[in-house]
Amino acid sequence: CALISASASVSAGPILDDIAKSGELRVCFDAGYMPFEMKSKNGSYVGFDIDLGKMMARQMGVKYVPVNTAWDGIIPTLLTGKCHMINAGMTINAQRNMRVNFADPYIVIGQSILLNPKLEGKVTSYKDLNNGQYTVVTKLGTTGEQATKRMLSKAKLNVFETQADAALEVANGKADALIYDMPFNAIYAAQNKGKVVHLEQPFTYEPLGWAIAQGDSDMLNFLNNFLRQIKGDGTYDRIYDKWFKD
Ligand code: ARG
């Protein structure tokens, strides 16, 4: 009967459809961003985003496929279909939201400052760094770069491909400060005691969200319902504590 075959062929939005048909959830991220996504010694990817992505794939009944991508090209990589979503600590902002859809925020963070120890006591907020005598570093294409250009316009700025290279500049005294996401800075400071000082009070407001191609409300609906469920049933807290509590 025409009615039944018509309804049987009705499918989900294109993203969920592709996930179901391929049996894979392909997730874009950029490893090296602690504690969200890191490459472990044995070459596998670990971190908060990775665990959330694996949980998502498990609930979908498909395989989790990691797609490690350079940050600078991560939105184009999504939009050419190499992954189904970005799960990479991406800050939801208007500029990016013109190009992608975001699910509801899964965590809120902000920019903080990793300082060379010689400036301890002298620099106590981002305002003190807004001065031509200081060299500030951050990662290419991030909200750290945007915030530095907007709020520290007088400081000299050097951008690096990786957050590790940028942080090293501060630790070895070639730069005065790193402006970057607070969770990364907190872990870096704990791992490099004496080489950097963390001014941990965030000075921007940054909700992080999962990004997908525009125009797919079915996938967005899945992501928001998944997030509400794991926040309510304790799964989110368990994964959060694993990566954010020491
Ligand atoms: N939250 C910052 C931004 O959206 C930095 C995220 C960097 N993420 C990464 N996986 N390297 O620009």
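Helix α7 has its buried residues covered by elements that include the strands β8 (111–115), β9 (135–139), β10 (156–160), β11 (177–181) and β13 (206–208). Helices (H or I, at least four residues) and strands (E, at least two) are DSSP runs, numbered from the N terminus. The model is a predicted one: local features need pLDDT of at least 70 and side-chain atom pairs count only at pLDDT 80 or more, while totals for chains, interfaces and linings use all residues. Residue numbers start from 1 along each chain as its sequence is written.

A residue is buried if 20 or more other C-beta atoms lie within 10 Å of its own, exposed if 12 or fewer, and partly exposed in between, with C-beta atoms placed from the backbone.

| Helix | Residues | Buried residues |
|---|---|---|
| α7 | 143–151 | Thr143, Gly144, Ala147, Thr148 |
| α8 | 163–171 | Gln163, Ala166, Ala167, Glu169, Val170 |

Just after α8, Gly173 takes a positive phi of about 85°.

**The chain as a whole**

The protein chain contains 11 helices and 14 strands. Its radius of gyration is 20 Å, close to the 18 Å that the globule rule gives for 246 residues, so the chain is as compact as a globular protein of that length. The radius is taken over C-alpha atoms, and the rule is 2.2 Å times the number of residues to the power 0.38. Along the principal axes, the C-alpha trace spans about 80 × 35 × 30 Å. Of the 246 residues, 38% count as buried. Two residues are in contact if their C-beta atoms, placed from the backbone, lie within 7 Å. Among contacts between residues at least 6 apart in sequence, 71% join residues at least 24 apart.

**Domains and ligand**

The chain is divided into domain 1 (13–108 + 206–244) and domain 2 (111–199), with bounds that come from an automatic or database domain assignment. The contact between them takes 10 residues from domain 1 and 12 residues from domain 2. On the side of domain 1 that touches domain 2 there are four nonpolar, four polar and two charged residues. Here Ala, Val, Leu, Ile, Met, Phe, Trp, Tyr, Cys and Pro count as nonpolar, Asp, Glu, Lys and Arg as charged, and the others, Gly among them, as polar. The domain centres, taken over C-alpha atoms, are separated by 27 Å.

The shell around the ligand draws at least three residues from each of domain 1 and domain 2. Of the 13 residues around the ligand, Asp30, Tyr33, Ala88, Thr91 and Thr142 come nearest. By class, the shell divides into five nonpolar, four polar and four charged residues.

**Local features**

Leu129 lies in helix α6 (residues 126–129) and counts as buried, with 24 C-beta neighbours inside 10 Å. Beyond its neighbours within four places in sequence, Leu129 is in contact with Val123, Tyr134, Val136, Leu152, Ala155 and Ala177. A cis peptide bond, with omega about -10°, joins Met34 and Pro35. Pro35 lies in the loop between β1 (24–29) and β2 (38–39).

Note on methods. A residue is near a molecule or strand if its C-beta atom, placed from the backbone, lies within 6 Å of it.
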